[in-house]
Amino acid sequence: MKYTLLGKVIKQSGLLLVAGSMLLGVTTLQAEIKPAVVYDTAGKFDKSFNEAVFRNGVLKFKADTGIRVTEIEPTNSTQREQSLKKLAKRGHGPIVAVGFSMASAIESAAKAYPDTHFTIIDMVVGLPNVQSVVFKEHEGSFLVGVLAAMKSETGVVGFVGGMDIPLIRRFACGYEQGAKYQNNNIEILQNMTGSTGAAWNNPTKGGELTRSQIEAGADVVYAAAGGTGIGVYQAAADLGKYAIGVDSNQNYMQPGTMLTSMVKRVGDASYNSWQAGLDGNWKAGFQALGLAEGGVDWALDEHNRELVTAAMEARVNDVKAKIIAGDITVHDYMSDNTCAAPQGINFSN
Amino acid sequence: MNRDTRINWINRLILPVLNVLTAFAATAIIFVIIGVDPIEAAEILLYGAFGYQEGLGYTLYYATNFIFTGLAVAVAFNAGLFNIGGEGQAYIGGLGTALIIFAIDPNTSAWIFIPASILGGLLFGALWALVPAYLQAYRGSHIVITTIMFNFLASSLMVYMLVNVLREPGNMSPESQLFPQNSWFPFIHDLSTNFGFVMEESPLNVSLFVALFFAVIVWILIWHTRLGYSLRATGLNSEAAIYAGIKPKRIILITMCISGALAGLVGINELVGYQHRIIMDFHFGYGFGGIAVALMGRNHPIGIIIAALLFGVLYQGGAELAFELSNISRDIVVVMQGLIILFCGALQYMYKPWVINALAPIQKES
């Protein structure tokens, strides 16, 4: 009797085990990922960098897969790390952190949660569970530099940067090379808005810098300054000159005076990270996305169609093809922290 | 209880509680308008702030900052000075702490590092308050104007220091390199592990005890020392104080230095306690928050500790709220703080006539 009872128990528990494992199997098949994003302290509606992640990443991912992406906007530096860790603890992943200022927070969160997948944009963090996505902004800036030089009648073009960091100098340096590639005698005026994070969100100062550059002769001004750019585009529109947007396609913001935008596909990078998480082929490591990978590009749409002539379009696309083919190598400021005379570029036209 | 003590208790306890409740009621109305269940929101907020060890740790960590700045404002306020410069003093105090830490040999024992970093914060905070104090005492420039201007000066100076002097080479963010490990204040969760309790990790560190220690010091100083007496006498009537042999100008200098020194300790909690490096804007909002904390706490250390806790709850619980509910953005937390400051600061005596009529009416002589 005893034995049969025991046998029964074993049988039943065995059945339970089988049933349990089947259930588990089913759930792993249906398992959904819990993607998340932590924006920079500038906030998600900056019309530029963070917003690109929101519109082309978060919204698109939701539309395509039906999976909601949890979004966090930290207000101070303590909350960056706090929210990353809390997301990891709740089983979220892949978690995308937007911007270089997240680096130290990612480092400590990734060490604390080694099984969670993190993706950081614009910075490299060398940990086995971190994917670092950086962009070759110099290549995209080179293209808009060519375009600016073609559009300029005065032979002077301007650049307004946000925070004075090597990353933004990389934009400036690429732009300078592109403009000079088109017109070796062109003059490039450069200003940085500030040296702190506040420089990303100071449209007033952006407008003032633009006005002074235009007074000094510039008739195309390129902004790589996050929310500060709004003031740059406004000032250019007020004075009837041209501006070039950055990160998102900002052509719609001042239609008629926005020459183009240097698009940096941060949204796609976030989207790809989540998609890879969903497909189960997410990989840590380092990616540098340039023109060839479609990570950066110039924007042509109904808002700037009339400003870009067929000749300009052909020229820019020709330069783009040459960069992709490797015929033109754009110098990267961050490789040696100088914007030396570009090597291997033929200035004659 | 006679009428005076009743009025005293009304001022100290009943009015602040009523004001906070009004602020919460106003917040609840806003929540209903934006389509959030206020009961659910309150539950999330309170759970986030107290419900689990990590949340509680963050609450107390934020509260520590508010205790320092609240005490700073209160000391000045008792001498009749309105120190708006807590923001700048906290920032520069952090600079002092960092400079001292970097000046000391990294292998020095923690027993040297801890007092040295506290002294650095006290000293630089005090020095930053000394100039406005001197201008107020001897040149008649109003302290409100000068301290608020010094906030901007502090901010510019720190940008220069962080970008050009302290920034770690190769780092794009304006941050210094890590402090030597010996200088780090122990985390509470590490200490408790040593005593056999396992606690969840949080940024809460021993700075909380430093803050409570200074709360006691402030209490003794203001109500139980000769200096405290002179300070309060100057605050009540500086002309009259002269006849008691008090020199108001000297008192202004000393009071402001104490006030600035206390604000300068924010860096202890933020930098030495948690970030372990000096970063941009670590002080942001605590200096101004300290004014509200001191107002709510009626410029008394016990009241300040309670009010600081409330602000800690708002910071941590508010972050939790923005985390849990997708239709609440981080700006709602600012709205809640604004309402509390509005009702506890600007409208602090709104209910007073009614409450006094109800609880302590004037007795008619029979």
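Select Arg211(A) to begin: at 36% relative accessibility this residue counts as partly exposed, a class that lies between buried (under 20% relative accessible area) and exposed (over 50%), as judged with a 1.4 Å probe and protein chains only. The model is a predicted one, in which local features need pLDDT of at least 70 and side-chain atom pairs count only at pLDDT 80 or more, while totals for chains, interfaces and linings use all residues. Residues are numbered from 1 along each chain as its sequence is written, chains are lettered from A and ligands numbered from 1 in the order in which they are written, and side-chain values use heavy atoms, with hydrogens and water left out.

**Salt bridges**

Arg211(A) lies in helix α7 (residues 203–215) of chain A and Asp238(A) in helix α8 (residues 229–238) of chain A, so the pair ties together parts that are 27 residues apart in sequence. Helices (H or I, at least four residues) and strands (E, at least two) are DSSP runs, numbered from the N terminus. Asp238(A) is also partly exposed, with a relative accessible area of 47%.

Select Asp297(A) and Lys320(A) next, a salt bridge whose closest N and O atoms are 3.2 Å apart. Here strand β12 (residues 296–298) of chain A holds Asp297(A) and helix α10 (residues 310–325) of chain A holds Lys320(A), so the pair ties together parts that are 23 residues apart in sequence. Both Asp297(A) and Lys320(A) are buried.

Which residue of chain B forms a salt bridge with Lys86(A)? Glu320(B) does, with the closest N and O atoms 2.6 Å apart, and this pair crosses between chains, from helix α3 (residues 77–89) of chain A to helix α14 of chain B. Lys86(A) is buried, and so is Glu320(B).

**Aromatic pairs in chain B**

Over all chains, a search of the whole structure finds 23 aromatic pairs. Select Phe66(B) and Tyr315(B), which form an edge-to-face pair at 5.2 Å centre to centre with 80° between the planes; rings of Phe, Tyr and Trp (its six-membered ring) pair if their centres lie within 6.5 Å, and planes under 30 degrees apart count as stacked, over 60 as edge-to-face and the rest as tilted. Phe66(B) lies in helix α3 (residues 53–78) of chain B and Tyr315(B) in helix α14 (residues 301–324) of chain B, so the pair ties together parts that are 249 residues apart in sequence. Phe66(B) is buried, with a relative accessible area of 0%, and Tyr315(B), at 12% relative accessibility, counts as buried too. Ring pairs link both residues into a cluster whose members include Tyr58(B), Tyr274(B) and Phe311(B).

**A nonpolar patch**

Finish at Leu13(B), which sits in helix α1 of chain B and is partly exposed, with a relative accessible area of 47%. Leu13(B) belongs to a nonpolar surface patch with Trp9(B), Ile14(B), Val17(B), Leu21(B), Phe24(B) and Leu359(B), the accessible area together being about 620 Å². Patches are made of residues with over 30% relative accessible area and no salt bridge, like charges being joined within 9 Å and nonpolar side chains (Val, Leu, Ile, Met, Phe, Trp, Tyr) within 5 Å; accessible areas come from the Shrake-Rupley method with a 1.4 Å probe, and for residues only the protein chains shown count as cover. Helix α1 (residues 3–33) of chain B gives the most to this patch, with 6 residues.

Definitions and conventions:
Salt bridge = Lys/Arg side-chain N within 4 Å of Asp/Glu carboxyl O.
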